[in-house]
Amino acid sequence: MSPTILTHPLIQHKLTMLRDIDTGVKIFREVVGEIAMLMCYEAMRDLSLEDVKVTTPVSIASSKALSGKKLALVPILRAGLGMVDGILSLVPSAKVAHIGLYRDPETLLPVEYYCKMPHDISERACFILDPMLATGGTAAAAAQYLKDAGARSIKLLTILSAPPGVEKMEQEHPDVEIITCAVDQCLNDHGYIVPGLGDAGDRIFGTK
């Protein structure tokens, strides 16, 4: 499944802000949340609705409401945390799972150190959150953890992607839709996206 690339002008403008080396921690963190909120509109476009009646100040209206499908946000620690609050502001009833993975600097392979999910994860539409899809190792591992736990509906929301990460997800999890704001040129020798925006986790939390 080819990635869905969001080209909305607001998203592309905010992505430029994230790329800028002069964007400080406060603004960077805020913009990550804003982009995640905007991405949420596309990611949840297929949620089912039901017909409802509501009393307005004037009359009775036939309207629509979400039909109650349960949602789970699954940030990959730690950078994925920066995307959670923006989405929760729109869907505050969503549960939040956590998957702790880091990329070994030598092998570039994912290493798990934490995993906590709602007990009913198999009944929820799951949205993996990670600002960067570089090698694809951590995203693919997260998707597999969710599937092993019984999840059947999974999407990946990532602000910036690279071709190797997209290819890995398409090979290992062709049923997981990738929603991203851009697919950059390549990875460098250290596994960073080029031109990219640097280390998203460090820039969100000010740790470098």
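A: First, the term: on a 1 Å grid over the protein atoms alone, a pocket is an open set of points where a 1.4 Å probe fits, with protein on both sides within 12 Å along at least five of seven lines, and lining residues have an atom within 4 Å of a point. This is a predicted model, where local features need pLDDT of at least 70, side-chain atom pairs count only at pLDDT 80 or more, and totals for chains, interfaces and linings use all residues. Residues are numbered from 1 along each chain as its sequence is written, and side-chain values use heavy atoms, leaving out hydrogens and water.

Q: Great. Which residues line the second largest pocket?
A: Its lining is Arg 19, Ile 21, Thr 23, Gly 24, Val 25, Tyr 192, Leu 197, Gly 198, Asp 199, Asp 202, Arg 203 and Lys 208.

Q: And how much space lies in there?
A: About 190 Å³; a volume is the space filled by probe spheres set on the points, which are joined across faces, edges and corners.

Q: What about the largest pocket, how much space lies in that one?
A: About 640 Å³. The largest pocket has 30 lining residues, and Arg 103, Asp 130, Met 132, Thr 138 and Asp 199 lie nearest its centre.

Q: Switching topic: is Ser 161 buried or exposed?
A: Ser 161 is buried, at 0% relative accessible area (buried is under 20%, exposed over 50%, partly exposed in between, with a 1.4 Å probe and protein chains only).

Q: What is Ser 161 in contact with?
A: Beyond neighbours within four places in sequence, Ser 161 is in contact (heavy atoms within 4.5 Å) with residues including Leu 133, Val 166 and Ile 193.
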